[in-house]
Amino acid sequence: MTINFAAVLPYLPVMLRGLAISLEVTVLSFFIGSVLGIFVYLGRRSTFAPLRWLGYAFVEVFRNTPLLVQLYLIYFGLPQVGINLDPFWSTLAGMTLNNAAYTSEIFRAGIESVPNGLVEAAGALGMRYLQTFRFIVLKPAIRNVLPSLTNQFIVLFLFSSVGSVISLNELTSALADLNQRTLRTLEIFTIGGLLYFLASAVIAGSSRLAERFLFRW
Amino acid sequence: MVTRKLAALAAVLLAGTLGLSACSNGSSGTGSSNPADSQLNKVLKAGTLRVAVLPDFPPWAVQKSDGSFQGYEIDIAHELADSLGVKLKLVPTDGDSRLPLLQSNRVDVNISAWTATNERAQTAGFTIPYDAHGAGVLFKKGASIKSYQDIAGKTVSVARGSTNDTILTTDFPSAKPVRFDAISDVISAVKTGKVDAALESSYTVAQAAKQDPSLQAISQPPLDPQLVSMGVLPGDQVWMNYLNNFIRNLIASGEDNKLHEKWLHEPLASIVSVQGNAA
């Protein structure tokens, strides 16, 4: 069969619509998941033992199981106990919990890399715990782990393709549909791969810009 | 600096894409009419026939827990291998992989409930049909569906890219399709209330309704019956001639009908069996 990219280019708008949904679910799950991840980390550091255990269990469960299994459980399994979520919310829920588990570990690395001397100095200056955490610990920690966070963002974005299996209409699902219709596998998945690559490159590029402008000290 | 590198990379990839589309007419064909090059010869020489089959579509073909296959199409594959006097190797596939498996020379022929639509025939080679099946509708008891027309405006699950997908989008444009890769997920979606109905082959929905008392199916007469053929690479006329002859003999001898009755408990559709009657 001849290779013909021109035959596939008219389907670009369909792919771009799918890409928009991939990005939407990724951005939402990344930011909600990261905030959740910080709280999970704080829970693991708390003096209240059940909270520590809960945080530990959460990270282990969602880090050590595949996203596809998690999505199947949320989408097809939960209805058996009465919770019925549509594909977008199921994918969002799964990716958020997954992301929270990974980012809590990333934040742990970042926060524990902040020298203790800084925290003690803040205490000596009379700063309260939350003030210290926000200004002295969190901001330098994020700067330290920005490369890891960028990596996590890109991985999460590529993982959004798993949503296609539970019928979410994101980019991979659009590619699979087009492939079935036209049978031009090489052309469609090359262009699809290119779209994923370009979006990820933009994400990586903006992270580097953020490093240069937001965390300049 | 970041933007310059990105722009350069994008330019290279774009040039490559345009370059490839420009040489779209240069690629070689896939198979020939020279008997020596034919897949038929390759199979006879290798002593093994590799057939792509579906692992999750009973009773046409299903892979059991011990790895072996059974079903109507599996029996046909065995007959084909016997006719050539070679061993049979079954390769599981899904809707997306049928043509890629042929193109990468991992199988010699597809016997995988492959409907020979006109659009697919532009890129794959189809034999004469050995089977025909149509669609049916599956829904939860109590849903307001009394006939095929009632699925208009409802959410309906289908297997991605299948003929049921096409039936839904062309004949019921007001229905909202929800696409899954696996047929089992299409049925699960109705069971778990994610969709109002599922559109799958008439036999599959009838079986699902029989096994689950909360589900109901409309499957007779089947909606939009379509012809199912064996699939090969286009252009290999010698191989296709052999397979066409094999199928004609299978029908004329009554063997196809016998297998169809055995697995599906109904006779072969007359639109297919008429091919066995010499003019």
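Which residue of β4(B) does Val62(B) stand opposite? I opened the notebook with this pairing, keeping in mind that the model is predicted, and I found that the residue facing Val62(B) is Gln70(B) in β4(B).

**Entry 1, the three-stranded sheet of chain B.** I then looked at the strands around that pair, and noted that β3(B), residues 61–63, pairs with β4(B) in the antiparallel sense over 2 bridges. The sheet to which they belong is open and has 3 strands in the order β2-β3-β4, with antiparallel pairing. β2 (56–57) and β4 (69–70) of chain B have a single partner strand each and stand at the edges, so one side of each is left without a neighbour in the sheet.

**Entry 2, the eight-stranded sheet of chain B.** I next traced the other open sheet, in which 8 strands follow the order β5-β1-β6-β11-β7-β10-β8-β9 and the pairing is mixed. Its edge strands are β5 (87–92) and β9 of chain B, each of which pairs on one side only. I recorded that neighbouring strands here are turned against each other by 30° on average, with direction ignored. Within this sheet I looked up β1(B), residues 48–53, and β6(B), residues 109–115, which run parallel and are joined by 2 bridges; the bridge partner of Ala52(B) in β6(B) is Asn110(B).

I checked the domain assignment, which gives domain 1 as 39–132 + 226–276 and domain 2 as 134–224. Taken over C-alpha atoms, the centres of domain 1 and domain 2 of chain B are separated by 26 Å. I noted that 8 residues of domain 1 of chain B are in contact with 12 residues of domain 2 of chain B, and that the side of domain 1 that touches domain 2 has 2 nonpolar, 4 polar and 2 charged residues.

I turned to chain A, which has 8 helices and 0 strands, and whose C-alpha trace spans about 75 × 45 × 20 Å along its principal axes. I looked up helix α1(A), residues 12–45, against helix α2(A), residues 49–63, and found that their axes come within 7 Å and cross at roughly 135°. That angle makes α1(A) oblique to α2(A), and α1(A) passes α2(A) in a left-handed crossing. On the α1(A) side I listed Val40(A), Gly43(A) and Arg44(A), which meet residues of α2(A) including Leu51(A), Tyr56(A) and Phe58(A). By class, this helix contact has 6 nonpolar, 2 polar and 2 charged residues.

Which element of chain B gives the most to the side that touches chain A? I first noted that the contact takes 28 residues from chain B and 24 residues from chain A. At least two residues of the chain B side are supplied by each of α1 (2–22), α4 (98–103) and β9 (176–180) of chain B, and α1(B) gives the most, with 7 residues.

Notes. Residues are numbered from 1 along each chain as its sequence is written. Chains are lettered from A and ligands numbered from 1 in the order in which they are written. This is a predicted model: local features need pLDDT of at least 70, side-chain atom pairs count only at pLDDT 80 or more; totals for chains, interfaces and linings use all residues. Axes are lines fitted to C-alpha atoms, for helices over the stretch in contact, and angles run from 0 to 180 degrees between N-to-C directions. Helices (H or I, at least four residues) and strands (E, at least two) are DSSP runs, numbered from the N terminus. Angles under 35 degrees count as roughly parallel, over 145 as roughly antiparallel, 65 to 115 as roughly perpendicular and the rest as oblique. A crossing is left-handed if the near helix is turned anticlockwise from the far one by less than a right angle, and right-handed if clockwise. Two residues are in contact if their C-beta atoms, placed from the backbone, lie within 7 Å. Ala, Val, Leu, Ile, Met, Phe, Trp, Tyr, Cys and Pro count as nonpolar, Asp, Glu, Lys and Arg as charged, and the others, Gly among them, as polar. Two strands pair if DSSP finds at least two bridges between them. Domain bounds come from an automatic or database domain assignment.
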